[in-house]
Amino acid sequence: MKERLTGKNLEELQAVVAETGLPRFAASQIAQWLYVKRVDSIDAMTNISKAGREALKERYEAGVTKYSMSRTSADGTKKYLFPAGADIQEAGMVEAVMIPDGDRRTLCVSSQSGCRMGCRFCMTGRQGFHGNLAAADIISQFISIDEGADLTNAVFMGMGEPLDNYDNVSRAIEILTAPWGFAWSPKRITLSTIGVIPVLRRYMEESRCHLAVSLHTPFREERLSIMPVEKAYPIEDVVDLVRQYDFSGQRRVSFEYTMFAGFNDDKRHADALVRLLKGLECRVNLIRFHRIPDFPYTTSSDAVMDAFRDRLNRSGIVSTIRASRGEDIMAACGMLAGQHRQRERHSQ
Ligand code: SF4
């Protein structure tokens, strides 16, 4: 199997050209073909000599993963399915969701096939873990979708826990933000995590991108009942770590709070959330829950969500209710890929 050029940073491309006998500046040219012009073949890199391209092709390919299917919602949200990556044993699909909103085109990116974190309310967690996406597979989600050239923002909020595959995710972020890559400002990117503390510390130190933390309840026992990660990394410790960083400038932190009727949506929860986040420059996003099988809770009503939001806002915690997008195409994390996987199993 040939090695993929997509997913390599400039330093690695310099090693590739040195080994292939090309001039050093060819590395920047290749980076430009891959990440600015977004070509999917070495033959298309026409400012590299024909002999040079032939030499490259002996060991390498451009290596962009193409999507295998897409679905568009009535509200314009578009979900793409990708094969789960060349390095992943069990065949499966990962999702990327493009969400248009005014002038913005945000891509919700997957970082793993399945997930090992086992959150009980999540379809991806239900599928178990199949493998880490390579940086090439993550970057391919940006390159190969129809709106690739028009994307304005990215959220690492798709399938998988990005901090459980941080080497590949940080490489993808490097490619997205480097001047030789996509040249995006870090403030166009948000990484969402359930709070894997040691890697979160690394992310906070190494990156200037935004952070979103999946919180879902301020109470330890309750959180433990729906999110096994709470055992190793309690949410209080996660918030303590977040407090060590500065969010008064361009960098932002938000907390994701999915609302489950009768579980985490009353005054007691709102007040505990205020105590937990007091003094931290942050925002709380309240999220409607898309019901999944074998999980006892449904989403909170609109009236309850409004009251919860208002209580947080009155206490000085900026809070908004996130609009649901793409419900008709099952845009909630993992749902379409999960359905695809089930169909494959049934047809085997
Ligand atoms: Fe994994 Fe995120 Fe789903 Fe939890 S919510 S199982 S971390 S994908």
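Visitor: Into which domains is the protein divided?

Guide: In this predicted model, the protein is divided into domain 1, which covers 3–61, and domain 2, which covers 69–346. The C-alpha centres of the two domains lie 33 Å apart, and their contact takes 12 residues from domain 1 and 18 residues from domain 2.

Visitor: Why are helices α6 and α7 called roughly parallel to each other?

Guide: Helix α6, residues 166–177, packs with helix α7, residues 197–206, at an angle of about 15°, and their axes are 12 Å apart. Angles under 35 degrees count as roughly parallel, and α6 and α7 are therefore described in that way. The crossing of these helices is right-handed.

Visitor: Which residues of α6 and α7 make the contact?

Guide: From α6 the contact uses Y166, D167, S170 and I173, while α7 brings V199, R202, Y203 and E206. Sorted by class, this contact of α6 with α7 has 4 nonpolar, 1 polar and 3 charged residues.

Visitor: What makes a residue count as being around the ligand, and which residues are they?

Guide: The cut-off is a heavy atom within 4 Å, and the residues around the ligand are C115, M117, G118, C119, C122, G125, G160 and I194.

Visitor: How many residues of each class does the shell around the ligand have?

Guide: The shell has 5 nonpolar and 3 polar residues, with no charged residues. Cys, Met and Ile count as nonpolar, whereas Gly is placed among the polar residues, and the list around the ligand includes C115, M117 and I194 as well as G118, G125 and G160.

How values were computed: Residues are numbered from 1 along each chain as its sequence is written. This is a predicted model: local features need pLDDT of at least 70, side-chain atom pairs count only at pLDDT 80 or more; totals for chains, interfaces and linings use all residues. Side-chain values use heavy atoms; hydrogens and water are left out. Axes are lines fitted to C-alpha atoms, for helices over the stretch in contact, and angles run from 0 to 180 degrees between N-to-C directions. Helices (H or I, at least four residues) and strands (E, at least two) are DSSP runs, numbered from the N terminus. Angles under 35 degrees count as roughly parallel, over 145 as roughly antiparallel, 65 to 115 as roughly perpendicular and the rest as oblique. A crossing is left-handed if the near helix is turned anticlockwise from the far one by less than a right angle, and right-handed if clockwise. Contact means heavy atoms within 4.5 Å. Domain bounds come from an automatic or database domain assignment.
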